[in-house]
Amino acid sequence: MISPADLATLPFDDWVNAFVRGWLVPNFRPTFRAAQVPISTVLGWLDTFFRFVPMIVMTAAFAAAAWKTAGRGMAIFTLLGFAFIDMIGLWNDTMTTLAMIVTSVLFCAVMGIPAGILAARSDTVWRIMRPVLDIMQTIPSFVYLVPIVMLFGVGMAPGIIATIVFALPPVVRLTNLGIRNVRGDLIEAAEAFGSTGWQMLWDLQLPLALRTIMAGLNQTLMLALSMVVIAALIGAGGLGLVVNTGLGRLDVGGATAGGVGIVILAIVLDRITQGLAERTNVGKLSLGQALANLFRLRGSSAAAETKKAG
Amino acid sequence: MQTKLSVSHLFKIFGGNISATLQLLREGKSKQEILAATGATVGVQDASFQVEEGEIFVVMGLSGSGKSTLVRMLNGLITPSAGQILIDGEDVAQADKAALRRIRRQKISMIFQHFALFPHWTVADNVAYGLKVRGVPPAQRRARALEVLEQVGLAPWADSLPSDLSGGMQQRVGLARGLAAEPDILLMDEPFGALDPLIRREMQMELLNLQKTLKKTIVFITHDLNEALLLGGRIAIMKDGRIVQTGTAQEIVTAPADDYVAAFVADIDRGRVFTADDVCSAPVTIPLQGTSVRDALRIMEQGGAHALYVMEGERVAGVVTYRDLAASELEGGAAPTTLQQAMITEFPTASAGTSLHDLYGPAGAGLPIAVTDDRDRLLAVVQPGDVLAHLSGDAAPADAAAPAPITEETDDQPR
Ligand SMILES: Nc1ncnc2c1ncn2[C@@H]1O[C@H](COP(=O)(O)OP(=O)(O)OP(=O)(O)O)[C@@H](O)[C@H]1O
Ligand SMILES: [Mg+2]
């Protein structure tokens, strides 16, 4: 049998090596190192904050948020779940993971929403962006772990960067979709009254796309959680590290404990953000209010506690 | 009156090569031929018209005839392929983005068929949108929004969401939003098309009512002919992107430019187009004093009339019918009746501008209708038979009216 390999063999791996090791790393390593500063900074703050807040207060805040957005059952689950995590001795690891997740989602939002807006405004931008997003979603994450380590080193920040690469696409896609789905006659009306592009974006497109964007953020959050273990391979700590350590030592108990912690965190975060997205009733909320809600639940604990459902 | 909006030789070609398509149009190719040959859709071709200040200019045509395209070019939502649109001497077709924004903010508002209200904002915020875009401070724009809502009767709903309102009310909000920015020109693209007939009627009346005080220049799109007749001073009829005829309702109905227009106006509500003026004839009258019953009968027999108006000086005293007079002549041999006794004093009246629609009821009484001026002087009479004949469209228009020669000419034109 004749095959193309008989005619010629391509040293593809050598090419990639030459490109990454020979050109990208020597020339751009400092640039990439510098680029991770904002991520490390935000992560540092959040991690300190989450560990600083007492376990009881944190749990109460999450339970209140769960009550408000997803009902009483979820609130009880949150209380029990977080108590369980604390009792199996994983509270600090869970908070580290939470800080990482929040940081990743924050950066995904900061980059993804504007990217989605750009994509929605120009067909050309979307045509270019779409295959890039497809690649980001389909390429196995282990493949880009190596170049990320080469460029950024190991540690928390590189782990978050890997997470961002993996979790970014949904928020971009759904922002684009949400904005493109805003009714054409509303856009036309805004235009007919002489609004500028920014006015239209702020008054009309973002508020009406908000629900879809929130759904995108929810998906991004879930993808970020699913990267926790993989990111731990390149030095990110938290629950992922617990699982990896258990794996390395064939310690079934340890690995399971870490896994259960991740699952509890995932369920709580998923239900809260999903409830939030559903409650983002287009008819009732302004963009400002919805964002305020979002940050109230994410950030401070006291506000969420005092604010009752309704 | 002053021309507010002047459109000349306006074209819009969708897709394809514009200059090549314009060339084909100049060679007289039809919209269908051009679509088949080049794939370009002719939206509007060679439209020219002028709208006076304070006028309601109605554009009509079947679906796809280019009405929406035409009206969207007037505020630059669609960029014309060729031609000129002058508003107060400024050419919208040549305006850059900033100029277009300024024109839209200050001079032109648009009202949409499906309302296009922002679902996440309250009624008052919706109404104030044009002002918000312009940068008017919140308190001021709310005050103005409430003022306009008051005008359209929706002040109590200022803080409701559009979705809480019925269709008719939503379109009032749309109207209020259009008016709040105090534009000179209102563009209305089938604004009442999505409303059910009763509400539509109400909204038409409301618009006419508002227009009495506001005196905006309005370009109104519709495919409801009766709506056009009710609102429009002048009507432009479009077909395949061309304006085939422009004129008043009467002009179009009496002399349709071609078969398309004729078919269009075939099922028109003629009762709304024509007025008493179009069907009246010169009155034959007799004075109350000094006319005997016998004289009256003779005059009627000679003129072939079956009723006569009786005058008391300048004033109409009543009407006598042949039947009544003949009957009283037969029985009252001994004591001859006078006109006074046989006269009917409850006679129907109308003014020259009364529509045939409103004459229909009085005509049912069988008496000729007296057309009087505002000082109650008799100008003409309308025979009941003429009203019915004209409504059904088989009478020659204005067959017995005063300017007889003109009538005959219009009559000879091809239908
Ligand atoms: N964006 C567009 N691209 C291509 N063709 C278009 C576009 N908009 C309109 N057309 C075409 O232009 C012609 C006129 O359309 P237009 O919407 O102006 O008609 P209309 O008279 O408003 O019809 P309707 O009564 O259905 O609203 C139609 O043949 C339509 O298919
Ligand atoms: Mg239309």
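Helix H3 of chain B gives the most to the shell around ligand 1, with three residues. Helices here are DSSP runs of H or I with at least four residues, strands are runs of E with at least two, and both are numbered from the N terminus. This is a predicted model, in which local features need pLDDT of at least 70, side-chain atom pairs count only at pLDDT 80 or more, and totals for chains, interfaces and linings use all residues. Residues are numbered from 1 along each chain as its sequence is written, chains are lettered from A and ligands numbered from 1 in the order in which they are written, and side-chain values use heavy atoms, with hydrogens and water left out.

**Around ligand 1**

Let's start with the surroundings of the ligand. Strand S2 (41–52) and helix H3 (67–74) of chain B each supply at least two residues of the shell. Of the 13 residues around ligand 1, those that come nearest are B:Ser63, B:Gly64, B:Lys67, B:Ser68 and B:Thr69; a residue counts as near if one of its heavy atoms lies within 4 Å of the molecule. By type, the shell divides into two nonpolar, eight polar and three charged residues.

An oxygen atom of ligand 1 lies 2.8 Å from an N or O atom in the side chain of B:Lys67. For the side chain of B:Lys31, the distance from a ligand oxygen to an N or O atom is 3.1 Å. At B:Ser65 a polar backbone atom takes part, 3.2 Å from an oxygen of ligand 1. The protein covers 60% of the 630 Å² of accessible area that ligand 1 has on its own, as computed by the Shrake-Rupley method with a 1.4 Å probe.

**Salt bridges**

Over all chains, the structure holds 23 salt bridges, each a side-chain nitrogen of Lys or Arg within 4 Å of a carboxyl oxygen of Asp or Glu.

| Pair | N to O distance |
|---|---|
| B:Glu27 and B:Lys29 | 4.0 Å |
| B:Glu312 and B:Arg315 | 2.8 Å |
| B:Arg142 and B:Asp159 | 3.1 Å |

B:Arg142, at 34%, is partly exposed. B:Glu312 is partly exposed at 35%, and B:Arg315 is partly exposed at 47%. Salt bridges that share partners also join B:Lys4, B:Asp88, B:Lys107 and B:Asp184 into one network.

Note on methods
A polar contact is a pair of N or O atoms within 3.5 Å; within protein, one must be able to donate a hydrogen and the other to accept it, and residues adjacent in sequence count only if both atoms are side-chain atoms. Ala, Val, Leu, Ile, Met, Phe, Trp, Tyr, Cys and Pro count as nonpolar, Asp, Glu, Lys and Arg as charged, and the others, Gly among them, as polar. Buried means under 20% relative accessible area, exposed over 50%, partly exposed in between (1.4 Å probe, protein chains only).
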